[in-house]
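The tour below moves from one selection to the next.

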Amino acid sequence: MATVEHGVVTFLTDYGISAVELARATEERGFGSLFLTEHTHIPAARKTPWPGGAELPKRYAHTFDPFVALAAMAAVTERIALGTAVSLVCQHDPIVLAKQVASLDRISGGRFELGVGMGWNREEMANHGVDPRTRARRMREHVLAMQAIWAQEEASFDGEFVKFDRIWSWPKPLRRPPILIGGGGPGVVDRVVEFGDGWIPLRVRRTELDALRERISEMRGKAAEAGRGPVTVTVYGAAATPEALESYAAAGVDRVLFELPDEPADGVLRRLDELAALSNG
């Protein structure tokens, strides 16, 4: 059975552990990756229900900008992959974000992975001028436009939402940053095959593993038919038990991300030690 890589993901907040301490501690304990979430803000008059329950946790409004924080993390680490899980790319100007990502990839020595998602908070999108009804099409164009900027010396793009004539934009990333597509809706497999390098399903329950295995098989089959290289699967919010890890591996998962609490250093480091013991056990 294939080995599943172990990483961590967290809401990095202004009241929790610092970016630098977390990055060093994660690498020292042997984890393979560290991912950060993103919300630019949380509207105070939000009406959109939170998918996780009745009351939105405090951490959503207190997150650091992930690209700034990951640059600090890159400066104090050497080995671990660094990424977003996920960046709400519809809420970014794609030309600006392409430069941010390329700069971060350079600073990290080619260790950055861009997890992307459409988002769920309609008021948050609206404050950025994004019509929630167009978010799937917008995400696709933003990613394709960034990929063009990274790959071409004189990039141009002519889409429904993103349009620019020939531009110069450096630095170019050391490698094309892997695009990991978040979400679990009916279109996610086709998105991964068309413009992604991997998939990030969210908190897959043990009862959902058979369905996950089928979707992974479908996704990899479609990728092969399209002449694509292998596509990866990273489970966000994985269950931290030996039995669950064996089940993820059997389903074809490549990497799991264990969630860390949004707490000061003592609590987070204690949890990292527990997870490291599981990973090394």
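Begin by selecting Asn121, which counts as buried because its relative accessibility is 1%, below the 20% under which a residue is called buried. Keep in mind throughout that this is a predicted model.

Now show the surroundings: once neighbours within four places in sequence are left aside, Asn121 is in contact with Ile42, Pro43, Arg46 and Thr48.

Next, turn to the charged side chains. How many salt bridges does a search of the whole structure find? The search finds 16, and the following stops visit some of them.

Select helix 7 (residues 209-225), and within that helix pick Asp210 and Arg213, which are separated by about one helical turn because they are three residues apart. Asp210 forms a salt bridge with Arg213, in which the closest N and O atoms are 2.8 Å apart. Arg213 counts as partly exposed, since its relative accessibility is 34%.

Staying in helix 7, move to Glu218 and Lys222, which lie four residues apart, about one turn of the helix. Their side chains meet in a salt bridge with an N to O distance of 3.4 Å. Are these two partners buried or partly exposed? Lys222 counts as partly exposed because its relative accessibility is 30%, and Glu218 is likewise placed in the partly exposed class, at 37%.

Now select helix 9 (residues 265-280) and display Arg271 and Glu274, which both lie in this helix, three residues apart, or about one turn. A salt bridge joins their side chains, with 3.0 Å from N to O. Arg271 has a relative accessible area of 29% and is therefore partly exposed, while Glu274, with a relative accessible area of 43%, is partly exposed as well.

Technical notes
Residues are numbered from 1 along each chain as its sequence is written. This is a predicted model: local features need pLDDT of at least 70, side-chain atom pairs count only at pLDDT 80 or more; totals for chains, interfaces and linings use all residues. Side-chain values use heavy atoms; hydrogens and water are left out. Buried means under 20% relative accessible area, exposed over 50%, partly exposed in between (1.4 Å probe, protein chains only). Contact means heavy atoms within 4.5 Å. A salt bridge is a side-chain nitrogen of Lys or Arg within 4 Å of a carboxyl oxygen of Asp or Glu. Helices (H or I, at least four residues) and strands (E, at least two) are DSSP runs, numbered from the N terminus.
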